[in-house]
Number of protein chains: 2
Amino acid sequence: MRRRKGAAIRHSVTAPPPEDLPAPDPDPSLDSEPGARPLRDTGRRLHGAIANRLGTAILGGEYKPGDTLSSQVDFSEALGVSRNAFREAVQVLTAKGLVESRPKLGTRVLPRERWNLLDPDVLAWAFAGEPDAQLVRSLFELRGIIEPAAARLAAERRDRDDLRRMRDALAAMRRHTLATEAGRTADRDFHDAILRAAHNDALMTLSAGIGAVVRWTTQFKQRARGLPRNPIPEHARVLDAIAASDAPAAEEAMRALIDQALDDTRNSMGG
Amino acid sequence: MRRRKGAAIRHSVTAPPPEDLPAPDPDPSLDSEPGARPLRDTGRRLHGAIANRLGTAILGGEYKPGDTLSSQVDFSEALGVSRNAFREAVQVLTAKGLVESRPKLGTRVLPRERWNLLDPDVLAWAFAGEPDAQLVRSLFELRGIIEPAAARLAAERRDRDDLRRMRDALAAMRRHTLATEAGRTADRDFHDAILRAAHNDALMTLSAGIGAVVRWTTQFKQRARGLPRNPIPEHARVLDAIAASDAPAAEEAMRALIDQALDDTRNSMGG
DNA sequence: GCGAGCCTATTAGTCCTACTATATGGTCAG
DNA sequence: CTGACCATATAGTAGGACTAATAGGCTCGC
């Protein structure tokens with residue numbers, strides 16, 4: 001009886017005390033009825049799964065800034081997890097600036113400007129539901145600021161490894177197309193390689209966030225229209241300029257690339 | 001019948017480590033050595049204080065990427081806190097990309113590129129000790145990319161409130177100087193107001209990080225030399241351009257401002 | 001001798017329960 | 001009306017017990 005697939009959250013396999021809780025949910029001892037709340041699929045560790053759920057709920061607007069969550073006792077009980085696991089999830093959200101907890105006041109959702117929108121997890125939560133058009137626009141604008149500058153720096157500082165990474169990624173983009181998951185990953189790798197090639201730790205930190213944006217918006221474009229435009233030539237132009245150490249050309253090529261992507265995204269979102 | 005705790009002793013009132021006495025830890029062998037470490041001053045809540053301590057230790061190079069921390073049982077015991085509080089601190093660090101925990105492997109410090117360097121807390125930890133010159137350079141480079149672009153956008157989009165915030169901040173900078181804490185706060189507020197005036201959520205998120213950099217580096221400059229240069233005229237030029245909706249001038253003025261700040265910082269760091 | 005696979009020891013993960021600290025809001029004395 | 005104080009709700013901390021995952025050693029078959 002060791003292997004209990006995904007169903008049971010309770011650890012105690014021995015029969016729980018019969019009357020210790022009213023338990024509206026039929027605490028599945030052996031039936032894997034996920035009707036209530038899976039809660040495990042969202043992440044491997046339990047507190048991570050809870051953080052994911054809360055995070056997507058907040059980013060999805062289910063809880064708005066200023067709202068107060070149910071008390072930790074009630075909420076953890078409602079989820080069927082220990083208060084401990086729930087608290088650790090809250091710590092994660094707190095660390096990302098989404099909520100704030102104080103005794104007697106409870107746990108409240110912070111105003112948007114406190115959110116760490118560029119945190120990879122937060123971005124993933126933001127794109128878990130329908131992406132907010134306003135947010136996508138903001139992120140593209142940020143890309144339009146960061147990436148051309150990064151391309152310029154990359155043209156000045158790239159080393160052999162940087163170029164290899166970029167070439168590999170571009171080749172992978174050619175092989176698979178952006179219609180495939182592998183292709184989108186390659187696209188993200190390409191942009192990531194450029195950020196790395198700038199040899200700037202602060203920029204590299206943004207890579208995770210920008211990579212997420214690249215990936216999600218690309219997927220979104222694909223879903224909306226057929227194959228918008230072939231993005232390979234634009235990418236190749238950026239690569240060539242960086243390989244040639246032509247900083248102004250690299251910056252300009254990257255700007256063109258992003259403008260095109262923004263244009264396609266705008267069309268597919270009707271904005 | 002596993003939990004038969006009925007006979008548990010009713011929490012003896014004899015407090016084990018009472019208040020004023022710092023409770024000389026019997027065995028300060030492992031990770032914490034001097035018994036007189038308050039551990040509460042670093043943050044209001046205990047797990048926050050632990051996170052601060054660990055974060056500064058990691059950012060300060062005390063633990064290097066790949067290192068494994070002592071086991072949670074040992075470490076929490078060495079700190080004299082419950083494993084619970086310690087675990088919550090670890091969750092915070094995990095959320096910021098500093099460490100990763102897995103059973104049997106323990107808690108390991110992640111490679112630098114996984115760190116959320118732009119997280120305000122992480123930046124604070126980075127500047128808690130001697131700032132790494134390389135990191136400061138990276139952050140200034142990022143400022144040089146972000147802030148001129150933000151100033152350009154601000155010139156196009158600023159509203160009445162934005163201008164008021166900027167004017168107030170500049171006035172406060174004039175009143176107090178950068179030699180005072182209030183003056184540095186005003187400096188940060190000025191830059192923050194510009195980021196806000198760009199009306200871009202993603203940029204606003206960077207405001208917290210950039211604000212921290214502004215503040216810390218300014219303080220550092222002050223400590224190193226007397227009064228380097230009067231930065232007010234440069235700031236005023238930026239404000240004027242934004243007020244006049246002159247986007248190119250705003251961008252250029254901001255670029256000049258940052259170049260000057262970078263120059264001063266470089267001189268004071270000998271880099 | 002050597003590799004596949006079981007075994008074990010270690011460590012994080014989860015749960016439970018009880019208690020403390022903090023902040024709000026209402027109450028009562030002055 | 002005002003201020004101090006108490007009641008209450010909620011997060012914070014503690015410590016103990018059990019579970020799950022897994023690296024590394026050990027056994028055993030080949």
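This note sets out points on the chains, their interface, the DNA surface and selected local features.

1. Basis of the model. The model is predicted; local features require pLDDT of at least 70, side-chain atom pairs count only at pLDDT 80 or more, and totals for chains, interfaces and linings use all residues. Residues are numbered from 1 along each chain as its sequence is written, while chains are lettered from A and ligands numbered from 1 in the order in which they are written.

2. Fold of chain A. Chain A holds ten helices and two strands, where helices (H or I, at least four residues) and strands (E, at least two) are DSSP runs numbered from the N terminus. Along the sequence, their order is α-α-α-β-β-α-α-α-α-α-α-α. Of the 271 residues in chain A, 42% are buried. A residue is termed buried if 20 or more other C-beta atoms lie within 10 Å of its own, exposed if 12 or fewer, and partly exposed in between, with C-beta atoms placed from the backbone. Among contacts in chain A with a separation of 6 or more, 64% are between residues 24 or more positions apart; two residues are in contact if their C-beta atoms, placed from the backbone, lie within 7 Å.

3. Interface between chains A and B. The interface brings 29 residues of chain A into contact with 29 residues of chain B. On the side of chain A that touches chain B, the elements giving two or more residues are α3 (83-95), α5 (133-157) and α8 (201-224). The largest share, eight residues, comes from α5(A). By residue class, this side of chain A comprises 14 nonpolar, seven polar and eight charged residues. In this classification Ala, Val, Leu, Ile, Met, Phe, Trp, Tyr, Cys and Pro count as nonpolar, Asp, Glu, Lys and Arg as charged, and the others, Gly among them, as polar.

4. Relation of the two copies. Two copies of a chain are related by a rotation about an axis and a shift along it. Here, chain A is superposed on chain B by a rotation of 180° with 0.1 Å of shift along its axis, at an RMSD of 0.1 Å. The two copies are therefore related as by a two-fold rotation axis. Superposition is by least squares on the C-alpha atoms of residues with pLDDT of at least 70 in both copies. The copies meet through the same surface, because 100% of the interface residues of chain A are also interface residues in chain B.

5. Surface near DNA strand C. Of the 26 residues around DNA strand C, those that come nearest are L46(A), S82(A), A85(A), P103(A) and S71(B); a residue is near a strand if its C-beta atom, placed from the backbone, lies within 6 Å of it. At least two residues each are supplied by α1 (46-59) and α3 of chain A, and by α2 (72-79), β1 (99-102) and β2 (106-109) of chain B. With three residues, α3(A) gives the most to this surface. The surface near DNA strand C divides into eight nonpolar, ten polar and eight charged residues.

6. Helix α9 of chain A. The twelve residues of α9(A) (residues 232-243) should span 16 Å at 1.5 Å a residue, which agrees with the 16 Å between its end C-alpha atoms; the expected span is 1.5 Å times one less than the number of residues. In α9(A), the buried residues are H235(A), V238(A), L239(A), A241(A) and I242(A). Seen down the axis of α9(A), these residues fall within an arc of 165°, so they line one face of the helix. The arc is that of the directions from the helix axis to the C-beta atoms. The buried residues of α9(A) pack against α5, α6 (160-175), α7 (181-197) and α10 (247-269) of chain A.

7. Helix α10 of chain A. Buried residues in α10(A) include E251(A), M254(A), L257(A), I258(A) and D264(A).

8. Backbone points to check. Most residues other than glycine have a negative phi. H199(A), in the loop between α7 and α8 of chain A, has a positive phi near 50°. H199(B) lies in the loop between α7 and α8 of chain B, with a positive phi near 55°. Each residue is partly exposed: H199(A) has 17 other C-beta atoms within 10 Å, and H199(B) has 17 C-beta neighbours inside 10 Å. Just after α9(A), S245(A) takes a positive phi of about 60°.

9. Arg143 of chain B. R143(B) is placed in helix α5 (residues 133-157) of chain B and counts as buried, with 24 C-beta neighbours inside 10 Å. Leaving aside neighbours within four places in sequence, R143(B) is in contact with I210(B), V213(B) and I258(B). R143(B) and V213(B) are 70 residues apart along the chain, and their C-alpha atoms are separated by 8.9 Å.
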